[in-house]
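Look at the sequence and the fold first, then read on.

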Amino acid sequence: MDSPAAATLAASIVAQGEKVRDLKTQKASKELVVEAVNDLLAFKAQFKALTGADYVDPNAKPKEKPSEKAKAKVVDAPPADPAKKSKKELNKEKKKEKKATIKVGGDVAALPSTPVAKKEGKKPASLTIDDAKAPIFVQAPPAATDKPTVYYTASHLPRTAFAVAALLKDAGLDVTFVNFTIPHALPVLVLPTGKVINGDIAIAKYFCRLTPDAGLYGLSSEPILMGEIDGWVGYAQSHVHAATLPASFLDAILAERTFLVGFGLTLADVAVFSALSAVQFQADATGAYPHLSRWFQYLHPILSPDSSMTLPAPVLAILSPRKKPVPTEKATFVSQKGKTSGSCPPLEGAIVGQVVTRFPPEPSGFLHIGHIKACMLNDYYARQYQGKLIVRFDDTNPSKEKDEFEQAILQDLARLNSAHRNASVSTNLALFDKLLAADPAAAGYCLRGKIDMQAKNKTLRDPVFFRANYKAYPTYDFACPIVDSTEGVTHALRTTEYNDRDAQYQWVLQALQLRPVRIHAFARMNFVHSVLSKRKLQWFVDHGHKVIDPIAPRFFALDATRAVRVTVHGLPFTGVQGFPTALHPKNPNLGVNMKRLGADLLVERDDADAFNVGEDVTLM
């Protein structure tokens, strides 16, 4: 087995053999077992066509050759007198006579013998191969070309590999799909190097590994996530069949999930979707499987084949799940009361294909998070019912509306879906050059670190590292670890408010292969009824508040020309009253401090003008 192709086929035979044994152990249906055995025979036939010899399991025990004694036929000796000799003695004499006959070269065939009938077990009719009309399962793969090519037949369509290839097309994956004329051949990927990869799932995994940044196969740094994806891929192969469709199980799993694994589309979703499409699964309009139907309808426009891939039209029709006729009556409203899922309830009176939603913001300001929620909700229902979403501007308040807000809203809506996350390196570098050159075309752009949009720590969800501030300007989270490492900092002591950003700090150091820096956290100080934040103190300075002493600018005084005397009524004392207050609430040995309260106060004129009779006022 010197050929790499032969080694690959041998590995495929071993894996398929394990699958056959698992199906038999699980007492799967006869159809599933027969299909798996046929695939195994196909691998072995391809191995023989490639190497010229039958496949032999290297771990199998060698069969014992039959001995000469076993080959010799049993010879009946002349019957002896049973009255004189026991049965045991008679048997011994028979053996001796037999040996003597063979030793002297006697004619064994002339002696009477008893023919032994051989029992032959029955084989399944579907597995019997007629040598005269044996179906050709596979053939040697075609010659390599300058472009990766997947060869397939209509009996074994590469559904998963095709969907993955379509998803990764924008990421630079360029592959051709060619129809194979030999029946029952498994999909095979022929690389320009001449090496081959057999099987739909194996090809799909290879595509995912070629573009790891796309995240379809998880991250190498998270083996648990990759294991979960492998588990679902295996589940799709062994459990999703027309006879054993696990719709209830999948519906329960998707009750509180948008995707099967993590928070984004992965190979797990692609494999299960492809398996469901193969058995012509349809989204259930009766509400029996609402979560599975919602998931399937969401992925349908993403994973269904389109004309951008090189596939013949008849095969595209086979790969695409069949659509049910559009219903003419109104969809029945199903109450969602009591359900624990996060899916949106159906629209009352909605008709598939005729739903139109709208997003009408007022162009009097920029979009905020509330606008985004409204827009995404309307977009969800428009997609759910195969309708459309209209964006229009509410111009009923012209005094507050501006054209710049209209343009900004349209630009923000266009950026809701990150179109550049999987852009090529050359495209990203070209955009970054525009940032560095302060190109007006790059206004509003930012450079983000592509980490993991599925991370539980949200600071790792593609954080912003450069902004278009005059030129490309680095953020604190990106610059801080670089400066610490290059300046020789060994231990960075930071307050606990940065704890969530520690993982991002270390990611930057590892990605840039810089010297590591240890981080230690300490608690920040917060004072009650006191302002320490520079940003908040700046507000007082910007609004004209005076300071008593420039050396201690945090002690404020009032402008005498604008001070207003306020008298508080209803106090339990008159004049000025002193109240002792413990210097430390838990240690009375530290003594007390006298706080003096009086009925006459001085406040700013602006504050006094805002007072209303009968209103509660809090002075700090």
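A residue counts as buried when its relative accessible area is under 20%, as exposed when it is over 50%, and as partly exposed in between. The model shown is predicted.

**A helix inside**

Start with helix H5, residues 159–167. Seven of its nine residues are buried, so helix H5 is largely enclosed by the rest of the structure. The buried residues in H5 are Arg159, Thr160, Ala161, Phe162, Ala163, Val164 and Ala165.

Next comes Gly172, in the loop between H5 and strand S2 (176–179). Gly172 is exposed, with a relative accessible area of 60%. Gly172 and Ala423 are 251 residues apart in sequence. In space, their C-alpha atoms are 8.6 Å apart.

Met226 is partly exposed, at 24% relative accessibility. The C-alpha atoms of Met226 and Leu267 are separated by 9.6 Å. Along the chain, Met226 and Leu267 are 41 residues apart.

**Aromatic rings**

A pair of aromatic rings is described by the distance of the centres and the angle of the planes. How many aromatic pairs are there? The count comes to 17 aromatic pairs. Take Phe273 and Trp295. Their ring centres are 6.4 Å apart and their planes stand at 70°, so the pair is edge-to-face. Phe273 sits in helix H9 (residues 267–278) and Trp295 in helix H10 (residues 290–303). The pair links distant parts of the chain, 22 residues apart. Both Phe273 and Trp295 are buried.

Phe273 also pairs with Phe296. Here the centres of the rings of Phe273 and Phe296 are 4.7 Å apart and the planes are at 25°, so the pair is stacked. Phe273 lies in helix H9 and Phe296 in helix H10, so this pair ties together parts that are 23 residues apart in sequence. Phe273 and Phe296 are both buried.

Elsewhere, Phe432, Phe465, Phe466, Phe478 and Trp507 form one aromatic cluster.

**Salt bridges**

Side chains of opposite charge can pair when their charged atoms come close. The structure holds 10 salt bridges.

| Salt bridge | N to O distance |
|---|---|
| Lys48 and Asp54 | 3.4 Å |
| Asp230 and Lys205 | 3.4 Å |
| Asp379 and Arg383 | 3.0 Å |

Take the Asp230 and Lys205 bridge, at 3.4 Å. This pair links distant parts of the chain: Asp230 in helix H7 and Lys205 in helix H6 (residues 200–210), 25 residues apart. Asp230 is partly exposed, at 31% relative accessibility. Lys205 is buried, with a relative accessible area of 19%.

In the bridge of Lys48 and Asp54, Lys48 is partly exposed at 42%. Asp54 is exposed at 53% relative accessibility.

How far apart are Asp379 and Arg383 along helix H12? They are four residues apart, so about one helical turn separates them. An α-helix has 3.6 residues a turn, so residues three or four places apart point the same way. Asp379 is partly exposed, at 27% relative accessibility. Arg383 is exposed, with a relative accessible area of 58%.

**Surface patches**

Where does positive charge gather on the surface? Lys88, Lys92, Lys95 and Lys96 form such a patch. Lys96 lies in helix H4 (residues 87–103). Lys96 is exposed, with a relative accessible area of 62%.

A nonpolar patch on the surface is formed by Met525, Phe527 and Leu532. Together they have about 320 Å² of accessible area. Leu532 lies in the loop between strand S11 (518–522) and helix H17 (534–542). Leu532 is partly exposed, at 31% relative accessibility.

**Positive phi in loops**

Most residues other than glycine have a negative phi. Which way does phi of Gln386 go, positive or negative? Phi of Gln386 is near 55°, a positive value in a residue other than glycine. Gln386 lies in the loop between helix H12 (369–384) and strand S6 (388–391). Gln386 is exposed, with a relative accessible area of 54%.

Ala438 also has a positive phi, near 55°. Its place is in the loop between helix H14 (425–436) and strand S7 (446–448). Ala438 is partly exposed, at 33% relative accessibility.

Technical notes
Residues numbered from 1 in each chain as written. Predicted model: local features only at pLDDT ≥ 70, side-chain atom pairs only at ≥ 80, totals over all residues. Heavy atoms only, no water. Phe/Tyr/Trp six-rings, centres within 6.5 Å; stacked < 30°, edge-to-face > 60°. Helix = DSSP H or I, 4+ residues; strand = E, 2+ residues; numbered from the N terminus. Buried < 20%, exposed > 50% of the residue type's maximum accessible area, 1.4 Å probe, protein only. Patch = residues over 30% accessible without salt bridge, like charges linked within 9 Å, V, L, I, M, F, W, Y side chains within 5 Å. Areas by Shrake-Rupley, 256 points an atom, 1.4 Å probe, with all protein chains shown as cover. Salt bridge = Lys/Arg side-chain N within 4 Å of Asp/Glu carboxyl O. Lys, Arg positive; Asp, Glu negative; His and termini not counted. Charge placed at Lys NZ, Arg CZ, Asp CG, Glu CD.
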